[in-house]
Amino acid sequence: MIVNEKIAIDHGLKKDEFKKICELLKRTPNITELGIFSAMWNEHCSYKSSRLHLKKLPTKGKQVIQGPGENAGVVDIGDNDAIVFKIESHNHPSFIEPYQGAATGVGGIMRDVFTMGARPIANLNSIHFGSTQHKKTKNLLRGVVHGIGGYGNCMGVPTIAGQTSFDSSYNGNILVNAMTLGLVKKDKIFYSKAAGLNKPVIYVGSKTGRDGIHGASMASASFDDKIEEKKPTVQVGDPFTEKLLLEACLELMAGDSIIAIQDMGAAGLTSSSIEMASKGNLGIEINLNKVPCREGKMTPYEIMLSESQERMLIVLENGKEDQAKKIFDKWNLDFAVIGKTTKSKKIELYFDSEKVADIPVNTLVENSPMYDRKWKKAKLPNKNKINKDDINNLKIIEVLKKILSNPNICSKEWIWQQYDHTVMGDTIQKPGGDSGVVRVHGTNKAVAASVDSSAVYCWAHPLTGGKQVVCESFRNLISVGAKPIAITNCLNFGSPENEENMGEFVECVQGIGEASSYLKFPVVSGNVSFYNQTKDQGIKPTPSIGGVGLIKDYNKMITMNFKEVDNVVLVIGKTEGHIDQSLFARVILDEKNGPPPEINLFNEKNNGETLLKLIDSNLIKSAHDISLGGIITAVSKMCIKGNKGINLKKPKYLINEIEYFFAEDQGRYIVEISNKDQKKVLDILNKNAVHYDELGTINENMLFLNEKTKVTIDELKGFNTKWLKEYMSN
Amino acid sequence: MKISLIITLKKDVLDPQGKVIHQALDGMGFNDVNEVRQGKYFEIDTKETDPKKAKDKVEEMCKKLLANLVIENFKIIDAQ
Amino acid sequence: MKSAVITFPGSNCDRDMDVALKKFGFKNKMVWHQDLELPKSDLVVLPGGFSYGDYLRCGSMASKSKIMQSVINFANSGGMVMGICNGFQILVETGLVPGVLLRNKYLEFICKNVFVKISNEDNAYFKNISNNVLELHIAHNEGNYFCTNDQLKEIEDNAQVAINYCDPEGKIEQQFNPNGSIKNIAGIFNKEKNVLGMMPHPERMIDPVLSGEDGSYFFKNLINNLK
């Protein structure tokens with residue numbers, strides 16, 4: 001086939017890009033080469049629209065061992081232990097085939113983590129669906145949950161936390177973001193940088209089939225009416241083979257034969273081989289006839305672009321092939337020497353004794369396009385004037401019931417009960433809390449992780465929203481007593497070619513950068529998913545932030561369930577009564593305008609660090625951060641989890657009761673302390689200039705409001721737990 | 001009228017179950033097997049008595065629910 | 001006391017079981033499924049997980065692996081063999097314990113704490129146990145125990161039911177049945193009571209910071225019974 005501009009455009013390349021390829025090669029590429037360029041130069045692999053902005057994120061810190069640019073980020077947790085983690089999107093495949101899309105998303109992120117030598121110890125996910133009324137939502141939710149469970153459960157890695165939201169902006173484009181944490185010894189981390197000449201290049205894992213050819217290009221194309229035609233590109237996951245691959249790789253890694261290792265994810269053999277060559281400043285020569293294929297007569301083009309799952313590429317020390325092969329034979333996995341490293345700095349592919357591709361590595365990587373896309377700055381919306389009469393007539397308890405049963409607040413037990421969250425025997429905080437927590441096996445340490453996003457705030461004002469998500473992650477870690485270390489981000493946005501969507505991206509990234517830099521909470525890994533849209537309508541900007549923190553002694557871990565009757569409950573942080581963009585405003589007042597709550601990074605840091613001090617001094621019995629739904633929602637959840645009640649009293653502020661209880665001001669926590677510690681706690685709060693309110697005392701089983709209104713905790717629990725179960729069983 | 005049909009994974013789609021069953025058979029000494037692919041079998045009893053109409057209906061069921069045409073094929077093998 | 005845990009391809013609770021057995025005093029050895037011989041053991045455990053990916057039928061292919069012939073011989077000569085979750089599914093496929101494990105009634109994987117009542121204490125597993133209701137953890141997709149009426153009669157006549165799902169007080173009722181099992185059966189013995197298959201995972205309940213401590217209680221009692 002003679003390649004021309006039209007074929008290039010069919011591959012998702014732009015006219016200019018095709019011209020540039022011909023210039024770089026000083027000739028027209030053949031079809032295999034064109035396929036390689038289109039895979040490497042698409043948004044998914046090249047980050048061509050985002051690179052410029054991502055560079056501004058803070059990525060360094062005292063505990064950071066590896067920042068972005070490798071398969072995953074790595075942070076130091078002391079005693080020669082390190083945590084490897086990353087979050088990644090699998091949005092488009094999950095919309096097309098929810099089970100396999102979600103499953104292979106989980107498989108892919110776990111591979112990213114164990115490629116670096118780490119055994120996965122926890123999975124998390126952030127999943128977003130269309131309106132609960134939309135006809136596809138239920139099936140998509142069911143398929144995604146089954147897919148995540150199907151893969152993670154089989155791998156024997158606990159799924160310890162997650163986030164689920166519903167919003168009509170995801171009607172035609174759901175989001176599935178999967179995150180994995182792995183544990184590795186600091187001196188046993190593996191990287192993808194090839195080194196040395198004439199080293200054998202090894203292919204291991206499953207055979208190559210025609211799965212997902214051009215999946216990476218699909219991830220960079222928005223959905224349109226032709227979606228049906230794109231269907232056959234979905235890959236099928238095989239968690240059993242991945243479990244074998246994990247064990248085999250870790251067994252091989254225990255020795256010293258690996259120079260570099262890279263998993264075959266998006267764009268399969270193409271991106272993995274090029275990545276290794278590029279990082280090592282080397283060339284790689286591959287004989288495609290040696291690649292284990294599942295189907296007959298696969299062409300070089302298909303072999304290079306296949307996205308078959310559960311495969312790895314390894315550069316080995318010379319002479320170690322037999323020893324390595326033995327391990328893969330034991331685990332019944334394919335093993336083939338398919339090529340070698342060269343000094344040519346080119347990717348050279350052979351098939352049936354003919355050279356079928358010859359491309360300088362730098363043309364694919366360093367010379368890949370980078371765009372400074374046009375973007376529009378968002379204005380901070382004006383504050384809404386709330387009609388006091390509207391809210392003064394509302395009955396707080398009735399509003400609370402509505403909020404607790406709202407799809408975005410209600411208990412997600414139906415989901416996480418389908419995930420094995422206790423396998424490995426180290427889960428000490430299960431899903432449903434602020435963060436999931438797993439012990440570092442055999443030590444007193446524990447690692448906390450959470451995943452957050454606030455699409456509504458980001459949509460209302462991207463800069464503030466970006467900051468807010470990072471702060472919420474920070475708070476969720478602190479609420480369980482963990483010191484925040486670093487974050488990974490999954491940036492889900494609409495089209496970068498649309499100035500508004502691009503503006504949302506740029507400003508969210510700026511917000512994330514400002515907050516993570518101020519909180520010393522650097523970004524160590526992540527991924528960007530653009531073109532999340534249907535026709536011209538982009539999703540609400542949805543950066544998901546995965547945060548990781550360390551608990552030095554897990555006996556000091558905090559949970560959110562109220563512990564003891566008569567204990568005192570405080571609100572840490574100031575309540576200004578910010579109602580705009582709150583769940584209350586949207587659900588009860590049907591008001592969608594106005595600015596999101598303001599972020600004060602100083603207070604955020606000071607409140608959080610002071611709370612950590614209190615926790616460290618064993619003064620906190622339970623804690624929970626205040627987010628969606630405000631103070632009363634947070635308190636209700638603590639009551640429900642602990643099977644306790646509370647006598648609530650609004651402090652004598654000037655703001656209205658509804659505003660006090662449902663406002664979504666930031667930087668706030670609810671904490672439970674024992675009576676005898678009250679003076680000590682208040683002293684510490686005062687000394688650190690942290691604002692606090694005394695909110696009430698814990699009772700047996702009733703929520704009292706100012707001694708006049710009451711509701712039983714059982715009733716609240718009913719509202720909180722019923723909705724999702726009923727929705728999914730109808 | 002009773003319609004029997006089978007649903008199998010499309011030819012080019014990976015069949016993890018078939019692959020592992022193949023390996024297990026091999027381990028048990030059945031070494032002549034080239035490939036194993038597995039699928040699902042359905043019997044649908046319908047009130048429709050006209051074979052053509054019944055088949056059409058079942059075909060529609062396959063397209064809409066029983067098979068996921070992204071990865072699966074269906075084949076009606078019997079109608080009586 | 002010596003124990004052995006078999007690792008099949010796809011086992012994923014083998015390490016957890018190893019940790020638990022060692023914690024309560026067993027000298028445990030891990031055994032690869034392709035080995036032919038069992039090490040000398042007082043207890044052999046088939047751990048949980050997804051042996052062979054749960055493909056075909058859960059446990060079906062593992063039950064045909066090389067080591068299983070030794071395990072079957074060991075069991076038939078009176079040796080203690082315990083199968084947890086996928087291990088139970090493997091035991092059922094070998095025929096060492098009667099019945100089958102079907103897909104959960106609501107077709108969903110279930111991971112949560114449950115209560116089980118010990119229905120037969122006259123055996124080396126539960127002898128001397130003072131509290132006959134345990135809080136344990138389940139995590140499975142195919143734990144819906146089923147057998148024919150004839151089999152059920154035989155099972156009951158031989159007192160082969162080991163544990164049943166119940167409430168915290170030990171009441172065995174349909175509403176406490178998480179997966180649709182016949183008669184709330186969560187675990188079952190062979191006739192001689194030296195082979196036990198059960199869905200719950202005692203090895204996940206061996207520390208107060210985990211889901212609970214009734215697993216510790218089970219293992220402590222077990223090793224004392226074997227001494």
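**Close-up views of a predicted model**

**View 1. Strand β21 of chain A is covered on both faces.** In this predicted model, one side of β21(A) carries A:T542, A:S544, A:G546, A:V548 and A:L550, and the other carries A:P543, A:I545, A:G547, A:G549 and A:I551; all are buried. A residue is called buried if 20 or more other C-beta atoms lie within 10 Å of its own. Because 10 of the 10 residues of β21(A), residues 542-551, are buried, the strand is largely enclosed by the rest of the structure.

**View 2. Strand β21(A) pairs with β16 and with β17 of chain A.** Strands of a sheet pair through backbone hydrogen bonds, either parallel or antiparallel. Strand β16 (residues 446-452) runs antiparallel to β21(A) and is joined to it by 7 bridges; A:V451 has A:G546 as its bridge partner. Strand β17 (residues 483-492) is also antiparallel to β21(A), with 9 bridges, and here A:I487 is partnered by A:G547.

**View 3. Chain A has an open sheet of 7 strands with mixed pairing.** The strand order is β23-β25-β22-β26-β24-β27-β28. At the edges are β23 (622-625) and β28 (709-712), each pairing on one side only. Neighbouring strands are turned by 20° against each other on average, direction ignored. Helix α20 (residues 462-479) of chain A packs on this sheet and touches β23 and β25 (669-673); the direction of the helix makes about 170° with that of β23(A).

**View 4. Strands β24 and β27 of chain A run parallel.** Between β24 (residues 645-648) and β27 (residues 702-705) there are 3 bridges. A:L648 has A:L705 in β27(A) as its bridge partner.

**View 5. Chain C touches chain B.** Each chain gives residues to the contact: 6 from chain C and 6 from chain B. On the side of chain C, 4 are nonpolar, 1 is polar and 1 is charged.

Conventions
Residues are numbered from 1 along each chain as its sequence is written. Chains are lettered from A and ligands numbered from 1 in the order in which they are written. This is a predicted model: local features need pLDDT of at least 70, side-chain atom pairs count only at pLDDT 80 or more; totals for chains, interfaces and linings use all residues. Two residues are in contact if their C-beta atoms, placed from the backbone, lie within 7 Å. Ala, Val, Leu, Ile, Met, Phe, Trp, Tyr, Cys and Pro count as nonpolar, Asp, Glu, Lys and Arg as charged, and the others, Gly among them, as polar. A residue is buried if 20 or more other C-beta atoms lie within 10 Å of its own, exposed if 12 or fewer, and partly exposed in between; C-beta atoms are placed from the backbone. Helices (H or I, at least four residues) and strands (E, at least two) are DSSP runs, numbered from the N terminus. Two strands pair if DSSP finds at least two bridges between them. Axes are lines fitted to C-alpha atoms, for helices over the stretch in contact, and angles run from 0 to 180 degrees between N-to-C directions.
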